Structures are given as structure tokens and as C-alpha cells.
Amino acid sequence: MPTSTHPPLQRGASQPLAGQLAERFAQRIRERLLPPGARLPSVRDCARQHGVSPHTVVAAYDQLQAAGLLEARRQRGFFVRESRPAPARGARPAAAPPRQAPVDATALIRGMFEADAARSPGLGTLPADWLDGALLRSALRRLHQADAQPLQLGYGDPSGDARLRDALSHRLADLGIHAGPAQILTTHGATHAIDLLIRTQLQPGDAVLVDDPGWAVIFARLTRAGIRLLPVPRTGRGPDLEVLAALAAQHAPRAYLTVSVLHNPTGHSLGLADAHRLLRLADAHDFHIIEDDSYGFLAPEHQPRLAALDGLRRVTYVSGFSKVLTPAWRVGYLAAAPERLAALTDTKLLDGLTSSPVLERAVALCLERGGLRRHAQRLRERLAAARQRVAALAARQGFAWAAPPDGLFGWLDVGADTERIAQPLLDAGWLTAPGALFSATRAPGSLMRINMATAQDPAFWRALRAAVPG
């Protein structure tokens, strides 16, 4: 029983006893009833005064320390922290530094974290309100209702959660890719999967074919690893296979890293004839293909994949869930020939032991009962409507597409250097993605990537028209 006049804590209330006790002290600190430097009761005395266990007091004091209200002094106890002086009344807050238009891959990614999606036609992902929060919450509830303790307390399988790999094997079969669970390795997202492939299968000085335009993050990772880039021009009709053949004959590349379906940034998908010709070139010049299918859920399942045509012989397939499910769950994977998996798994172990078994099981739950499939179908339908609206807005302002928009992106020709107009547009509140960011050689040009989900505001198109000279 309490031994003082403190009102009793409410047992059985929705807020735990530790939280109630922490809030009681926090209120006294905020009201200056406990001034800076004041010493709190010892754990044992506080427990006796409030009729709780010492464990509850320790938990309450931990919460107060986490909130910056207390500090623990060794062998002396717990004391109210000195508070920082409040800014003088009427003082202006420090001005935020002016925003700069993105000049490289890192700047574009940083801009994504800072930007308002509603004013970010250059965004590389779906806006949050397009994602299915109910599906995520359902998966987490089912995960915690099940016997998930081993998942939460262990490192997990280095190859990845067995249920997820089994679900992925079924997903790949729907795409015509026949890979058993033993041929699948999970990763911290698709970019991590590509990074594992770079560090396992390539050496500094190796030459690698890349799409140009392509994803600048991959250019940066390859360059940092000492890899020589061989840019293959990519237009609205796909990669220029004549140029690719000439580069392969001259430089003997080790690999070709490509997005075959819903290419970023053009939105183009490889046709069957070009896919077969590309695979013949890989055989003739003995190079490996890394197929990045990060946007695959936004494409029809019947769209041909290189991995399906090749049978995972020369092709390693990479995908993930950040673009369609949630970027907060960093879950990706690769599927490869069995002889490649052991070395890739070793690299993953050295890189960070294992990936999260809890998040991987949550993704498995989204896949197993068809929830993710239904969500992806709704996204495809919604994006189709968005593309129609964006195409009409672009036409109204006199702009043309370098390739027919598909999936999430369109490759727009504005008739002026898009890097030059990026800063004025940003000053007006619009984050764009100039074409130079997607060039392996940083070549300027009149193209920019347009996100169909975030470019539906007519005000952006009026601002873009006003920013283009002449």
C-alpha cells in the first residue's frame, strides 16, 4: 500500500502503470514543481510511495530519460535535466536553407524525403495515400496472433523466411519463372539485391552494360565499385541492340543490368522479339543479365520477363515490394541459378547477417491470401486513369512524350533543358526529375521523368509551361 498522500495509480487502466507514473512526474517537471537539478526519489522509495513494484519505477524513469526530462548520475540517482532556454519571445526561428534542385541521385532521393508528394511530379514512388494501409495492418495483426515468437527472437534463416520464399516461388511461377524456394534469396529491398550481385560477381575494372537513361543510384553504385559503365541508349522502342552488340564485341562486358518491364524512367517494356535477341547476344558474348523488375507488380503478369525466357540460366531476377506495398518494409529478393546462390548468400551474411524475418513473414502473409495481388490490380486500374488525365494535361500545354507512358512513369519532352528549369520550378514549389539525372554521362537534354500519380494537378502543368523559355 502507498505510504504517502500520492493519489493511487489506476490499475487496469488502458495506460500501463509505468506510463501513468512517468506522466505524473513529467507534469510536475513541466509545471516547475520539480525544478532542474531536483533529485527524484530512489527506485525503492518511489515504489513504496506509489504502491508499485521497483520494476515499474525503473520503466517510468526510463521513459522520462527517453523524453529528455531526467538524467541518471552514477551512484547518485535520478535528477531533473537542465532545460534549454526557450527562444526569446518574438524571436524568429532560424530560416530553413533554400531548397536546391536535385543535381545527382543522392540529391533526388533526399528531395523525395523532404517533398510534399502532392507537389512532386518527379517523385520515384507512389504517394502514401495510394498504398493499402489496411492490408499492412491485417498482416501485422495476423503475424502477432500467430506463434511468431521464434521470428521475433532469432536472426532467421540466412536465405530468408521459408514461407516468404515459398510464396515468392508461386509468384514467380505466375510470371513463367520456374524457381523453387531454394533458388531464392531475400534481401533488404531490390537495391540491396543488386548491390549483392555487384559485390559478388564483379571486380573493379570490369565493364557492365547499363540502360541509358537508367536509374542513377545504380550508376553510382557501379562507379563506386570501380566498374566501367557501357551505356546502351534506351528509347521508347527499347534498348538499342545494335549499339549493345557493338559494345559487347569491343569491351567483353561481364553483365548487362536492365529493367525489362516498365523501365525507369521511360515506362517502356521489352517486347518478345527483342527479348529473344538480347538473350542470343548474351550467349554470343558470354555476359550475365541482371533483370530488375522493381515495378513488376504494376505491369500485367503476361508481360514477358527475360528470366522466364532464359530459365535463370544467364539471367538473375531481382524484385522487391517497396514500390507497391510500402517503402517502410525493406524486403526484396533475387532468384538465380543454384550455383550462384551460395556465394550470394555468403555476401549477404558478411554484409549484415540476415534480413528481417518478421517483415519477411508479414510480406508472406500479404502474398499468401491474394491481398497483394488484389491491391496491385487496383493500382494498375488507378494508374491507367491517372495516365489518361496526365496525358490530357500535357497535351493541353503542348508537350509531347518521348515514349508512350506506361506504369508509374512517363518520359516527357518539354523542348528545353530540364536541368535549367528545375530550380525555378522548385522555387515555385514543384519537385521535378530532370533527364540529366538518369543519364550515365550526365548529358543535358529536354526530357524529364513524370510520375503519373503525382502529376495530376493542372497548376503544375501551367507552371511547367511558364518555366519553358519561348
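User: How many cavities of 30 Å³ or more does a search of the whole structure find?

Analyst: This is a predicted model, in which local features need pLDDT of at least 70 and side-chain atom pairs pLDDT 80 or more, while totals for chains, interfaces and linings use all residues. Residues are numbered from 1 along each chain as its sequence is written, and side-chain values use heavy atoms, without hydrogens and water. On a 1 Å grid over the protein atoms alone, a cavity is a set of points where a 1.4 Å probe fits but cannot get out, whereas a pocket is an open set with protein on both sides within 12 Å along at least five of seven lines; lining residues have an atom within 4 Å of a point. With grid points joined across faces, edges and corners, and volume taken as the space filled by probe spheres set on the points, the search finds 1 cavity.

User: Which elements each supply at least two residues of the lining of the largest cavity?

Analyst: The largest cavity holds about 110 Å³ of space, and among its lining residues are Val210, Trp215 and Leu257. Helices (H or I, at least four residues) and strands (E, at least two) are DSSP runs numbered from the N terminus, and the elements that each supply at least two lining residues are β4 (207-212), α9 (216-224) and β7 (255-258).

User: Which element gives the largest share of the lining of the second largest pocket?

Analyst: About 240 Å³ of space lies in the second largest pocket, and of its 16 lining residues those closest to the centre include Ala167, Arg171 and Asp174. Two or more lining residues come from each of α7 (162-174), α14 (357-368) and α15 (371-396). The largest share, 5 residues, comes from α7.
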